[in-house]
Amino acid sequence: MKGVNGIIMITKSTNKINETTFYLSGKTMSYIMAVDKIGYLRHIYHGSKIRPRGGSEIRNLDAAWTAYVEDRIILETALFEYPAYGHADLRIPSYSVTNSGGDSVSELKFKGFEIKENHVPELNGLPCVFAGGKTAQTLEITLADEKSGLEAVLLYTVFEEYDVLLRSVVFRNTSDKPINIDSAYSANVDIEQGDYDLIYFAGSWGRERDLHRQPIQLGSKTDISAARGSSSHCINPFVMIAERGADEEHGNVFGFSLIYSGNHSSMIECDHSGNVRVMQGINPLDFGKELKPGESFETPQCVLSFSADGIGGISRELSDLYRNNLCRSKWVHRERPVLINNWEATYFDFNEEKLLAIAKKAKEAGIELFVLDDGWFGKRDDDTSGLGDWFVNLKKLPSGLDGLAKKINDIGLDFGLWIEPEMVNPDSELYRAHPDWAIHVEGREPALSRNQLILDLSRPEVCDYIIDAISKVLSGANISYVKWDMNRPMTDMPRKGYNYEYMLGFYRVMGTLTSSFPDILFEGCAGGGGRFDAGVLAYMPQIWTSDDSDAIARLKIQYSTSMGYPISSMGAHVTAVPNHQVGRVTPLKTRADVAYTGAFGYELDITKMSDEEFEEVKRQVEKVKKLRGLTLNGDFYRLKSPYETNCCMWETVSKDKSEVFVMVCRVLNTANTNEPHVRLTALDPDADYRDEETGRIYGGDELMYMGVVPVYENRDFSSFTMHLKRV
């Protein structure tokens, strides 16, 4: 039996060891698993594409000193698809339960399977990848524990055009007694012993997704997790396992990306035989779900990716998948407007006159969108009050939002708005009317953060209020852009599993508003990059990458973020100097050169610029309008790492190799040194390319093999760019 085009193939074997083998194939990738004679679903292989051969070897070890099942089969070093704990596998499990008798022993065995042609599963209330015209199949394998009545349906979706595998699990209680799920990862991959590195992205506010790489040691257990309510500034729900020595363009690399915006965990364990177990899904900390008889529970979707061409192969594969088959916004394939945001220009201290002055000057520069940030609503003169009161502050804006929007439109700019719909200040009309709507534990005073609390999105009436209030705002004025912020961690969760319930409410609110206003460009934000994840990207095509807008800090932030997410999704702005986060003074050119690789904008008081600076801004706006189509659809290559050298270099290449943008930034200047050549990649070696800035013509082979010498200003923080087009 086999699936369409051989994407999924099933073989029955007469071999005594295994009964059924499943072959899943992507563009250049294979994923193989098999059922052993006892009924366990074993992992066989994940890597470069290989041909099906009618059966797969299942390795079994024999040791008298460890737990084993019938026929002396050892499970604690076996490779599994979805392992349990407590029977004979004593490693970290991909799920755990408390049975009605109080024990936690579980033993899932193969029950059956089904192939669904031209199908990508939709998960109840959770964002997920869609088919989008691609050839896809889904394999559903049902595992069952006959003793407890628990069933786990493992979902595997594979595409002919991608080297990715979508994974999620549906738990079902087929018994007549409740079963408590204590942990439930979306995917498990057991990688056979070898030398591997773990790559993950940690940090904090202002330095999100800092790149970390460390060897995976024998016997180690590493939990890359966050339990702050959102995917968080601190740990991103994307990790890679790379062969030792694998780099940007060489070596086998496995990617794990969770389409989820809440508490998450990527667990890595290296057993005593050197096998590496990788699991990704909901963070088990403070999680719990009671399944009553007949009930089911779905985990978020995990995207497994494989590249034999290094880290860059993973990045480009995920970028294409997310742009084409995850984000549902019509803006995902539209060129983004060049915007100016008033936040760092005015903070809360603004009136119509100030805003219109900024807008008029921005129009002169060629900027297309004016964004009004925090402070326009309720009694909001600082961050201590007003959140939740989504009506305009007429003292600041006597014309109202509709009047201001019209005045901005008359100047020739579109109008955008900042909102923070999940939040409430204790000093607000909403909180005084509904104090119980904020997340809290009865009898305890909830913790404040940034003087605000979080609304309880597990309650339908709270979600209804937010949808109604924000809908009135968005339909009451000509608004073309929304920045959706979220500025605090989640505390005081009232019960186990609450964060998952909250996320279902969040996705309901976000999904309803983005679909009700499809012409609005929505940008995600969470105190900067605190919720930069694939779950948000399913609804919004771009996310504010970090509140740290310093160009030199952004080299690392944007470099590492691009490993797991499209560059078109990274909000990147030119801001004032000294920089408001780190105090650094960088050239206006460098600030723009770094920001070109992202959703470009300005966040400063353009009315206070010198004539020389203003003329430079006009040139920058003209340049980004030429580049933004390439940023939207091109392939991205990281050529020099700011983590390893005094230089950062990246390159964007169009799919047909006809257009190229290169940015090189030298961080610190050094006396009496010769600058090394910079070599490009992924060009047509037989073609000639013209530099649009200088008019000089280069050969593609010359650019790749010999390279060019960048010309820098004689100062720190200097940058060099090339915009090349095939002649």
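View 1. Phe 201, Phe 238, Tyr 322, Phe 532 and Tyr 565 together make up one aromatic cluster. The model is predicted, so that local features need pLDDT of at least 70 and side-chain atom pairs count only at pLDDT 80 or more, while totals for chains, interfaces and linings use all residues. Residues are numbered from 1 along each chain as its sequence is written, and side-chain values use heavy atoms, with hydrogens and water left out. A search of the whole structure gives 32 aromatic pairs, where rings of Phe, Tyr and Trp (its six-membered ring) pair if their centres lie within 6.5 Å, and planes under 30 degrees apart count as stacked, over 60 as edge-to-face and the rest as tilted. Tyr 95 and Phe 171 have ring centres 5.9 Å apart and planes at 50°, so this pair is tilted. Because Tyr 95 lies in strand β7 (residues 95-98) and Phe 171 in strand β11 (residues 164-173), the pair ties together parts that are 76 residues apart in sequence; helices (H or I, at least four residues) and strands (E, at least two) are DSSP runs, numbered from the N terminus. Tyr 95, at 2% relative accessibility, counts as buried, and Phe 171 is buried with a relative accessible area of 0%, where buried means under 20% relative accessible area, exposed over 50% and partly exposed in between (1.4 Å probe, protein chains only). The ring centres of Trp 484 and Phe 506 are 6.2 Å apart and their planes are at 80°, so the pair is edge-to-face. This pair links distant parts of the chain, with Trp 484 in strand β28 (residues 481-484) and Phe 506 in helix α7 (residues 498-516), 22 residues apart, and both Trp 484 and Phe 506 are buried.

**View 2. Charges over rings.** The charged end of Lys 396 sits over the ring of Phe 350, 4.6 Å from its centre, and Arg 42 lies over the face of Phe 80, at 5.7 Å from the ring centre. A charge sits over a ring if NZ of Lys or CZ of Arg is within 6 Å of the ring centre and within 35 degrees of the ring normal.

**View 3. Helix α3 and its surroundings.** Helix α3 (residues 352-365) has 14 residues and reaches 20 Å from its first C-alpha to its last, close to the 20 Å expected at 1.5 Å a residue, the expected span being 1.5 Å times one less than the number of residues. Its buried residues are Glu 352, Leu 355, Leu 356, Ile 358, Ala 359, Ala 362 and Ala 365. These buried residues pack against β23 (339-341), α2 (343-346), β24 (369-372), α4 (400-411) and α11 (611-633). Just after α3, Gly 366 takes a positive phi of about 95°.

**View 4. The largest nonpolar core.** Of the 192 residues in this core, Phe 171, Leu 372 and Trp 376 touch the most other members, and the largest share, nine residues, comes from α7. A nonpolar core is a set of buried Ala, Val, Leu, Ile, Met, Phe, Trp, Tyr and Cys residues joined through side-chain atoms within 4.5 Å.

**View 5. The loop at Ala 308.** Ala 308 lies in the loop between β22 (301-307) and α1 (310-325), and Ala 308 is partly exposed, with a relative accessible area of 33%. Leaving aside neighbours within four places in sequence, Ala 308 is in contact (heavy atoms within 4.5 Å) with Ser 48, His 250, Gly 251 and Asn 252.
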